[in-house]
Every structure is written in C-alpha cells, then in structure tokens.
Amino acid sequence: DEWVSVPSGSEDYSYTHYRKNQYEESLFKCEDDRFELDMLIETNASAIRVIEPLMEEANTSRGNKVSINGLKPIHFKAIERV
C-alpha cells in the first residue's frame, strides 16, 4: 500500500484572520483525532494483510526461513505500536 496526502476542502485556504470559537476548536480537534485514528486503523489493517501470507508460509515451511522483504517501514511501525 502507498500513502498519498492531498489537502482538500478548507485545508487549502489560510485562516490567519479567521477566529474560531471554543466549539469550532473542539470540532476541529475531534476531526483531527478521528482522522489520525482512521489512519492508524488502516495502517494496522495494511500490516495484517501483508503479514498473514507470511505467517501461513512460516507455518508450512517447517523450519525454513521466511523472507520479510514485502514489509515496508510503515508495517514495521504498526508492529511496534502493537
């Protein structure tokens, strides 16, 4: 899986003169937290999709080494978090 970050919607504009009230601040923080959680869930799911075939291969290889070349740094980071 490859990740691409593209700004959309209100992120394209500069809000230097825009003042947010406390409710808007809370809403933006909730949206940011939810986005971060969605990214973590998808990263973990991606790691699982890559690791499951490796686990099956390891279970059938009976002592032979299994290559982890398919794992990317983002997958290792997901494993570290777990």
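Three salt bridges turn up in this structure, and since we are looking at a predicted model, please take them as features of that model. In general, side chains of opposite charge can pair when their charged atoms come close. Let's go through the pairs one by one.

Start in helix 1, which covers residues 22–61. The side chains of Lys 29 and Asp 33 form a salt bridge there, at 3.0 Å from N to O. How open are they to solvent? Lys 29 counts as exposed, at 51% relative accessibility, so just over the 50% cut-off. Asp 33 has a relative accessible area of 42%, and is therefore partly exposed.

Next come Arg 49 and Glu 42, whose side chains meet in a salt bridge with an N to O distance of 3.1 Å. Arg 49 is partly exposed at 43%, and Glu 42 is partly exposed too, at 34% relative accessibility.

Now over to helix 2, residues 73–81. Here the side chains of Glu 80 and Lys 77 meet in a salt bridge, at 4.0 Å from N to O. They sit three residues apart, again about one turn of the helix. Glu 80 is exposed, with a relative accessible area of 61%, whereas Lys 77 is partly exposed at 46%.

While we are in helix 2, have a look at His 75. Is His 75 buried or exposed? Its relative accessible area is 1%, so His 75 is buried, the cut-off being under 20%. And which side chain makes a polar contact with His 75? That would be Ser 46, at 3.1 Å. Leaving aside residues up to four places away in sequence, His 75 touches Ser 46, Ala 47, Val 50 and Gly 70.

Phe 76 is in helix 2 as well, but Phe 76 is partly exposed, at 36% relative accessibility. Together with Ile 68 and Ile 79, Phe 76 forms a nonpolar patch on the surface, with about 250 Å² of accessible area in total.

Finally, let's step back to the whole chain. The protein chain has two helices and zero strands. Of its 82 residues, 10% count as buried, and His 75 is one of the buried residues. The accessible surface comes to about 7,400 Å², with 55% of that belonging to carbon and sulfur atoms. As for contacts between residues at least 6 apart in sequence, 59% join residues at least 24 apart. Thanks, everyone!

How values were computed. Residues are numbered from 1 along each chain as its sequence is written. This is a predicted model: local features need pLDDT of at least 70, side-chain atom pairs count only at pLDDT 80 or more; totals for chains, interfaces and linings use all residues. Side-chain values use heavy atoms; hydrogens and water are left out. Helices (H or I, at least four residues) and strands (E, at least two) are DSSP runs, numbered from the N terminus. Buried means under 20% relative accessible area, exposed over 50%, partly exposed in between (1.4 Å probe, protein chains only). A polar contact is a pair of N or O atoms within 3.5 Å; within protein, one must be able to donate a hydrogen and the other to accept it, and residues adjacent in sequence count only if both atoms are side-chain atoms. Contact means heavy atoms within 4.5 Å. Accessible areas come from the Shrake-Rupley method with a 1.4 Å probe; for residues, only the protein chains shown count as cover. Patches are made of residues with over 30% relative accessible area and no salt bridge: like charges are joined within 9 Å, nonpolar side chains (Val, Leu, Ile, Met, Phe, Trp, Tyr) within 5 Å.
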